[in-house]
Amino acid sequence: MSTDNTTQSASRAQASDGVRLAAGDAELTILPDNGCRLGSLRVGGTELLRQGAKYGCFPMVPWCGRIAHGQFRNGGELHQMPVNDPPHAIHGTGRNLGWRTARSGATEAAFTYELADPAAPWPYPGRVTQLVELAEDGGSLTLTMGVEAATDSFPAQAGWHPWFLRNLGEGGEDVRLDFAPEWQEERGADHLPTGRRITPRPGPWDDCFGMPRGVAATLTWPGRLELKITSRAEWVVVYDEQEAAVCVEPQSGPPNGLNTLPRLVTPIDPLEISTTWAWRALS
């Protein structure tokens with residue numbers, strides 16, 4: 001009995017404190033109890049992610065961005081999701097759940113949650129998995145997410161919402177973002193894409209961009225650090241309207257995509273997406 005209690009206490013402590021990975025001069029903390037978000041990424045002792053329970057880097061699943069009025073159709077069925085950004089539903093429900101740690105080691109860990117979890121309404125059973133892998137040399141991080149259907153097919157999306165610090169402190173300059181999208185999704189007054197693709201406009205942005213050859217973006221903190229974001233995903237949302245952080249969000253489809261560009265997940269065809277962040281010091 002005492003052994004079981006000790007094991008359970010250790011498991012609770014790990015869940016509360018997070019799962020920590022480390023390699024080279026990089027340290028990473030994942031918080032499975034808080035939506036399986038990355039709570040911290042430190043490179044050479046410098047924190048790269050905005051701190052706070054809502055920030056870090058959280059998975060967006062089973063949809064990304066906003067769904068119009070929280071509603072989507074699957075065939076003839078209309079489903080209502082919780083409206084958490086009135087009048088819309090935003091960023092999925094996975095970020096609001098506790099995930100299960102399936103395994104963890106020194107440089108990689110895997111986490112899951114069931115789509116049928118009553119704490120996060122979703123009308124179809126299935127499973128979401130997130131794999132977090134820190135390179136052995138501590139120079140890059142790869143995130144992979146999968147969405148599986150248990151029975152019925154359903155539309156879904158997946159992606160990540162990182163909050164990178166605009167300024168790393170110590171008197172340094174603000175971060176610079178470099179990317180070359182082929183188009184920008186025109187954003188309507190309701191914050192949803194209108195369906196028109198336009199020539200990319202200058203920021204600041206809370207906008208979705210098309211990169212059909214894959215997402216590629218570079219964040220540069222002059223004299224400090226360069227971080228490259230790559231993904232085979234063809235969509236990226238950039239949100240840089242806040243003073244504290246810049247968000248570069250690779251995702252499998254555009255906002256409201258469950259309605260406008262549905263990607264069906266079936267029992268034999270799961271949705272899979274990954275992104276890699278690679279960094280190097282500039283000093």
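I take a salt bridge to be a side-chain nitrogen of Lys or Arg within 4 Å of a carboxyl oxygen of Asp or Glu. The model I am reading is predicted.

**Entry 1: salt bridges**

I noted D269 as partly exposed, at 37% relative accessibility. R263 is also partly exposed, with a relative accessible area of 28%.

I then turned to E173, whose side chain meets that of R176 in a salt bridge at 2.8 Å, N to O. E173 is partly exposed, with 44% relative accessible area.

Next I checked R42 and E47, which form a salt bridge with an N to O distance of 4.0 Å. I recorded R42 as partly exposed, at 32%, whereas E47 counts as buried, at 12% relative accessibility.

I also traced a network of salt bridges that links R66, D85 and D206. The count for the model comes to 13 salt bridges.

**Entry 2: cysteines**

How many disulfides are there? I found zero. For C208, I noted that the nearest cysteine sulfur belongs to C64 and lies 9.4 Å away, and that C208 is in no disulfide. C208 is buried, with a relative accessible area of 4%.

I recorded C247 as buried, at 0% relative accessibility.

Definitions and conventions
Residues numbered from 1 in each chain as written. Predicted model: local features only at pLDDT ≥ 70, side-chain atom pairs only at ≥ 80, totals over all residues. Heavy atoms only, no water. Disulfide = S-S within 2.5 Å. Buried < 20%, exposed > 50% of the residue type's maximum accessible area, 1.4 Å probe, protein only.
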